[in-house]
Every structure is written in structure tokens, then in C-alpha cells.
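Reader: I have the chain open in my viewer and would like to know what lies behind the labels. Could we go through them together, one at a time?

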Amino acid sequence: MRRAVDVVVAGAALLVLSPVLAVVAILVRVRLGSPVLFRHERPGLHARPFTMLKFRSMRDAVDADGNPLPDEERMTPFGSMLRSTSLDELPELWNVLRGDMSLIGPRPLLFDYLDRYSPEQARRHEVKPGITGLAQVSGRNGLAWDERFRLDVEYVDHRSLRLDLKIVWRTLVGVARRDGIATEGYVTAPPFMGSGQRDDG
């Protein structure tokens, strides 16, 4: 049932939002260049890898040694707008159609984090990652990592149609208010270094 809902809603959203997707793609190409899409390997259900798609939101910029500059130096006002409005997330609807992701579930993070999770935190991979989730509507990047993972596991243990509908509504409200876009002092959030880390990374 959940998979059927994912397919129907993601397919309908891609169709309805196709003009928006086209306009954003053109703007990304003009403002940031190519590639338009950001592709990155992330752990999905049972930590199996998949390629997550997003609209690119940072410019290419490297130091004298060819290493990428810090995120805050590569982020542009246009990229910040994409992130604050969640327009950069729209290509993930294709990930939902492919079955890599669900509409609702824990956000897919980095492979580097897998070895840093406690056994309880690792339970977030018992369900498919989502475009939005309980942690996102409860504070997004404004939450400490331990609290985000606690909410992810709470969703795993209590997911239901009623909870999903509540998360969808709170997602729409949060996007409209642009809540929790980033941790103070970061473009998004400090890297997760292990359970119990300080909020300042």
C-alpha cells in the first residue's frame, strides 16, 4: 500500500510540477552552470547504496591545491534560495518513483556516518529514506544530531498513515515558513562525528 501511494503521488507531483522543474533546471544552468543535477551515493534501506538526485545549489570553487572550498564559500544567494524553499529536493521524486526512497522517512545521509551510529541510531535504515520525515518537521537542521536520530527511530517504530499525513501537513507549513534550514554558523549542519557530539560540531 505504501509503495503504491509513493508511486501515485510522486508520479502526479512530477507531472504537475514539470514546469517548475524545467524553470529551476534552466536557472541552475544559467546561474551555476552544469551539471544541473547533483548526484551523490547515499545509504538507503538496510544501508544499501543508491544515487540520490538533487538540483545543484553550490558553485564549483577550489583552492590552490584543487580542493573544494568550504560550503559557505561555494554557496550563492540563488543556491540558498533553492535550499530554503526546498526546490533543490524536487528531483528526489524520481528517486521515489524508482523505489530508492519513500515520500516520508529518515533523510538519507552520508556513508561516512554509518560507522558512527550507535546500534539504536542505525535502526533508521530499517525503512526507506524519505524526502521529508519526522525529524525534518520537528526542527530539520536546527536539531542536534542525537535528537534527529531519536526522531528517526521513533518514526520507524510508530509509522502509520495518520503519522504520514501529519508529517506531510507539517512539511508544507515548514517549507512556507522556511524553518530549520541550517544550524547557526553552517550552510546546513555540522558533520556527525558520533553519538553525543556537541551541537557546534
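Author: Gladly! Helices here are DSSP runs of H or I with at least four residues, and strands are E runs of at least two, numbered from the N terminus. On that basis S86 is placed in the loop between α4 and α5. Please keep in mind that this is a predicted model.

Reader: How many helices and strands does that rule give in the protein chain?

Author: Eight helices and four strands. Along the sequence their order is α-α-β-β-α-α-α-β-β-α-α-α.

Reader: Back to S86, then. Why is S86 called buried?

Author: The relative accessible area of S86 is 17%, and buried means under 20%; therefore S86 counts as buried. Its backbone is worth a look too: phi of S86 is near 65 degrees, a positive value in a residue other than glycine. S86 comes after α4, a helix in which F78, G79, L82, R83 and S84 are buried. Those buried residues pack against α2 (18-32) and α8 (161-177).

Reader: And what makes A47 partly exposed?

Author: A47 has a relative accessible area of 25%.

Reader: Why is strand β2 described as mostly covered?

Author: Because five of the seven residues in β2 (residues 49-55) are buried. For the protein chain as a whole, buried residues make up 44% of the 201 residues.

Reader: Now a charged residue. Why is E89 called buried, and what does its side chain do?

Author: E89 has a relative accessible area of 12%, which is under the 20% limit, so E89 is buried. E89 sits in the loop between α4 (77-84) and α5 (92-98). The side chains of E89 and R107 are joined by a polar contact of 3.0 Å. Apart from neighbours within four places in sequence, E89 is in contact with K54 and R107.

Reader: Is D100 buried or exposed?

Author: Buried: the value for D100 is 18%, and the class requires under 20%. D100 is in the loop between α5 and β3 (102-104). Its side chain makes a polar contact of 3.0 Å with the side chain of R98. Not counting residues up to four places away in sequence, D100 touches F50, T51, N95, K128 and P129.

Reader: What makes L93 buried, and which residues are in contact with it?

Author: L93 belongs to helix α5. Its relative accessible area is 8%, under the 20% limit, so L93 is buried. With neighbours within four places in sequence left aside, L93 is in contact with A10, A13, L14, L17, L103 and I131. L93 and V7 are 86 residues apart in sequence, with 9.1 Å between their C-alpha atoms. In the protein chain, residues 24 or more positions apart account for 68% of the contacts with a separation of 6 or more.

Reader: Why is V8 called exposed?

Author: V8 has a relative accessible area of 59%; exposed means over 50%, so the label applies. V8 is in helix α1 (residues 2-16). Together M1, V5, V8 and V9 form a nonpolar patch on the surface with about 420 Å² of accessible area. The accessible surface of the protein chain comes to about 10900 Å², 58% of it belonging to carbon and sulfur atoms.

How values were computed. Residues are numbered from 1 along each chain as its sequence is written. This is a predicted model: local features need pLDDT of at least 70, side-chain atom pairs count only at pLDDT 80 or more; totals for chains, interfaces and linings use all residues. Side-chain values use heavy atoms; hydrogens and water are left out. Patches are made of residues with over 30% relative accessible area and no salt bridge: like charges are joined within 9 Å, nonpolar side chains (Val, Leu, Ile, Met, Phe, Trp, Tyr) within 5 Å. Accessible areas come from the Shrake-Rupley method with a 1.4 Å probe; for residues, only the protein chains shown count as cover. A salt bridge is a side-chain nitrogen of Lys or Arg within 4 Å of a carboxyl oxygen of Asp or Glu. Buried means under 20% relative accessible area, exposed over 50%, partly exposed in between (1.4 Å probe, protein chains only). Contact means heavy atoms within 4.5 Å. A polar contact is a pair of N or O atoms within 3.5 Å; within protein, one must be able to donate a hydrogen and the other to accept it, and residues adjacent in sequence count only if both atoms are side-chain atoms.
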